[in-house]
Amino acid sequence: MGGAAGVVAVLAMTAGCAGKADAGGQSGARRTPAVTNARDFGAADLERTVLTAKDVPVYRVTRLKADKNPSNPAPGVEPAVCRPIAHRIGSADDARSIAGDVRVVVAKDHSGAATLSLSFFTAADARAAMDELRAALGRCTAYEIPAHVEGGAGVPVSEVRAGSGHGALGDESLSYTDVTGFADDPDTKIPGLRVVVRVGNAIVSFRGSNLDQEPATVPDDLVAAQLAKLAEGTA
């Protein structure tokens with residue numbers, strides 16, 4: 001598996017588990033102004049507020065089809081305290097979401113890539129989801145995603161650490177790092193970074209993974225471009 005297609009496939013997989021924003025969240029992204037949402041987003045707003053290739057012409061943007069977006073693994077995750085992290089907050093398969101979309105974004109020069117998930121909730125559910133994630137990050141350090149097929153191996157996720165220093169984004173934001181492993185290949189570990197931002201009743205999640213087993217990053221310009229588009233959507 002190689003090229004852009006290979007990157008898309010691996011990012012889609014790690015999205016189900018797990019300038020540049022670094023593992024501590026410290027980056028140019030922290031200079032992005034907070035976005036104040038004057039009204040709630042609805043399902044009809046999704047297409048005009050989610051990032052596209054026109055917004056970031058130096059990237060290829062691929063929309064993940066429903067059958068390529070892994071089902072939510074959270075119900076079977078142990079320990080249970082980690083389930084809000086495994087729930088992939090902001091993903092399109094969140095049962096609480098009103099509408100959602102998932103896109104894989106890969107730089108044309110292969111300098112960066114990330115999975116972007118944008119979902120709309122009721123205002124109360126959006127705030128609650130962030131509170132649940134914040135609480136889980138204070139208690140969870142490792143968990144396992146159960147196998148998708150009977151008799152298969154689960155996916156271990158370790159070294160879950162809350163980020164700090166990435167600054168105020170949107171109405172509130174969180175970041176964390178983790179390491180995704182493979183039960184049948186213990187020597188392969190994929191560092192991941194997730195940055196989660198709430199803008200009113202919208203939650204956008206950026207997931208970066210590093211296949212070279214170096215600290216993961218999320219490109220600053222992707223974060224800034226998506227938040228700018230949400231800001232335009234509130235006008």
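Mentor: Let's start with Asn201, which sits in the loop between strand S8 (189-199) and strand S9 (202-209). This is a predicted model, where local features need pLDDT of at least 70, side-chain atom pairs count only at pLDDT 80 or more, and totals for chains, interfaces and linings use all residues. Residues are numbered from 1 along each chain as its sequence is written, and side-chain values use heavy atoms, with hydrogens and water left out.

Trainee: Why does Asn201 count as buried?

Mentor: Buried means under 20% relative accessible area, exposed over 50%, and partly exposed in between, with a 1.4 Å probe and protein chains only. Asn201 has 1% relative accessibility, so Asn201 counts as buried.

Trainee: Which backbone atom of Phe41 lies 2.7 Å from a polar atom of the Asn201 side chain?

Mentor: The backbone nitrogen of Phe41 does. On Phe121, the backbone oxygen lies 2.8 Å from a polar atom of the Asn201 side chain.

Trainee: What makes Phe41 and Phe120 a stacked aromatic pair?

Mentor: Rings of Phe, Tyr and Trp (its six-membered ring) pair if their centres lie within 6.5 Å; planes under 30 degrees apart count as stacked, over 60 as edge-to-face and the rest as tilted. The structure holds one aromatic pair. Phe41 and Phe120 have 5.0 Å centre to centre and 10 degrees between the planes, and form a stacked pair. Phe41 is in the loop between strand S1 (20-21) and helix H2 (46-49), and Phe120 in strand S4 (residues 113-120), 79 residues apart. Phe41 has 3% relative accessibility, so Phe41 counts as buried; Phe120, at 0%, is buried too.

Trainee: Why is the disulfide of Cys82 and Cys140 called right-handed?

Mentor: A disulfide is a pair of cysteine sulfur atoms within 2.5 Å, and those of Cys82 and Cys140 are 2.0 Å apart. The torsion about their S-S bond is about 105 degrees, so the disulfide is right-handed. Both Cys82 and Cys140 are buried.

Trainee: How do you know that the buried residues of H4 line one face of the helix?

Mentor: The buried residues of H4 are Ala126, Ala129, Met130, Leu133, Ala136 and Leu137. Seen down the axis of H4, they fall within an arc of 130 degrees, so they line one face of the helix. The arc is that of the directions from the helix axis to the C-beta atoms. Helices (H or I, at least four residues) and strands (E, at least two) are DSSP runs, numbered from the N terminus.

How values were computed: Polar contact = N/O pair within 3.5 Å; in protein donor to acceptor, adjacent residues only side chain to side chain.
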